[in-house]
Amino acid sequence: MMRRLRFTGTDSKNGQCPALHEDLDTREIIIQGRPLTDSADLTQLKHFGAQDVAVVVPRQLLVHWAPKEMDCVPELISPDDFSRLFETFEHTAWHLETRRGYASDRKDPDFETFLRTGRATCDLDSQWNQNIRRQTDAGKRVGRVRVVDDPPTEGQRFLLGYAACNAASGEDVGCLWRAEAQRIDLLEEDFWIFDSRLVTVLRFDDSDELTGIEVTTQPAEVVRYCMARDAAVHHATPYESFAAQLSATE
């Protein structure tokens, strides 16, 4: 069976080795580097088996990117602390939306209106939109990319309609088909990045209820999420063009 590997990191400046990957199932670490082939060097290695391969990597690769703990213990924050991040971030806030639906949306009266009319209402005077407008008017950047199934779920259609309200508040909104997200191995987690230094990962149960908010400032983890952000933004389509394409195929 093919391993499920996740790129962990590299100190390379030109996209070449060395690098580290992690097996998502076994938690094994795969080290990618320059092979050690000199026989005199190999004879000095202890417990070197006939099928073993030795590679040479810079010490800083392991210092910067190797796991520091056997198990990562998530740090949880409260919903109130999470909300305050949207008021206190200094430069950027960005969201990758990967869910097929959110229970909080389905509880919104506007969702019932959308199911009846096919139109998502926009309240620019809501507390959320007023805050985002204050932040973007101050020169800060807020954006998101929504991963969309084909065909889109009702929840995704609702959010696609609501994207006009996001944009009117100053957000940069893009959409990405799930098949394309899978093709580029985009992370499947739903998360926000603040100032490219702090990541909050939103955890949900099978009924799409938010069950916890994990936060990390661990540099290697933050870089991993920032790389996912860059890939998502690169491959995403602006929501207006995406909506037009969707309408043309229906």
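What follows is a chat about the predicted model shown above.

User: I'm new to this one, so how many helices and strands does the protein chain have?
Analyst: In this predicted model, the secondary structure of the protein chain comes to 10 helices and 13 strands. The C-alpha trace spans about 75 × 40 × 35 Å along its principal axes, and 39% of the 250 residues count as buried.

User: And what about contacts in the protein chain, what share join residues at least 24 apart?
Analyst: If you take the contacts between residues at least 6 apart in sequence, 67% of them join residues at least 24 apart.

User: Let's pick a residue. Is Arg146 buried or exposed?
Analyst: Arg146, which is found in strand 8 (residues 141–148), counts as buried because its relative accessibility is 4%, and the cut-off for buried is under 20%.

User: What does the side chain of Arg146 make a polar contact with?
Analyst: The partner is the side chain of Glu97, in a polar contact of 2.6 Å. Leaving aside neighbours within four places in sequence, Arg146 is also in contact with several other residues, including Leu159, Ala163, Asn166 and Val173.

User: Switching to salt bridges, how many are there by the count?
Analyst: The count comes to 20 salt bridges. One of them is formed by Arg4 and Asp25, whose closest N and O atoms are 2.7 Å apart. That pair links distant parts of the chain, with Arg4 in the segment before strand 1 (5–9) and Asp25 in the loop between strand 2 and strand 3, 21 residues apart.

User: Which residue forms a salt bridge with Lys107?
Analyst: Glu209 does, with the closest N and O atoms 2.9 Å apart. This pair also links distant parts of the chain: Glu209 is in the loop between strand 11 and strand 12 (210–216), while Lys107 is in the loop between helix 4 (103–106) and helix 5 (109–117), 102 residues apart. Lys107 is exposed, with a relative accessible area of 58%, whereas Glu209 is partly exposed at 29%.

User: What about Glu189 and Arg203, where do they lie?
Analyst: The side chains of Glu189 and Arg203 meet in a salt bridge of 3.3 Å, N to O. Glu189 lies in the loop between helix 8 (178–183) and strand 10, and Arg203 lies in strand 11, so the pair ties together parts that are 14 residues apart in sequence. Going back to Arg146, salt bridges that share partners join Glu97, Arg144, Arg146 and Glu171 into one network.

User: Now helix 9, what span should its 17 residues have?
Analyst: At 1.5 Å a residue, helix 9 (residues 219–235) should span 24 Å, and its end C-alpha atoms are 24 Å apart, so the two agree. The buried residues in helix 9 are Ala220, Val222, Arg224, Tyr225, Cys226, Ala228, Arg229 and Ala232. At the start of this helix, a side-chain oxygen of Gln218 reaches to within 3.1 Å of the backbone nitrogen of Ala220.

User: What is phi of Ser196 near?
Analyst: Phi of Ser196 is near 55°, which is a positive value in a residue other than glycine. Ser196 is found in the loop between strand 10 and strand 11 (198–204), and its relative accessible area of 36% makes it partly exposed.

User: One more, is Phe194 buried or exposed?
Analyst: Phe194, in strand 10 (residues 190–194), is buried, with a relative accessible area of 2%. Among its contacts beyond four places in sequence are Phe82, Leu85, Phe86 and Phe89. Phe194 and His91 are 103 residues apart in sequence, yet 7.8 Å apart in space, C-alpha to C-alpha.

How values were computed
Residues numbered from 1 in each chain as written. Predicted model: local features only at pLDDT ≥ 70, side-chain atom pairs only at ≥ 80, totals over all residues. Heavy atoms only, no water. Helix = DSSP H or I, 4+ residues; strand = E, 2+ residues; numbered from the N terminus. Buried < 20%, exposed > 50% of the residue type's maximum accessible area, 1.4 Å probe, protein only. Polar contact = N/O pair within 3.5 Å; in protein donor to acceptor, adjacent residues only side chain to side chain. Contact = heavy atoms within 4.5 Å. Expected span 1.5 Å × (residues − 1). Salt bridge = Lys/Arg side-chain N within 4 Å of Asp/Glu carboxyl O.
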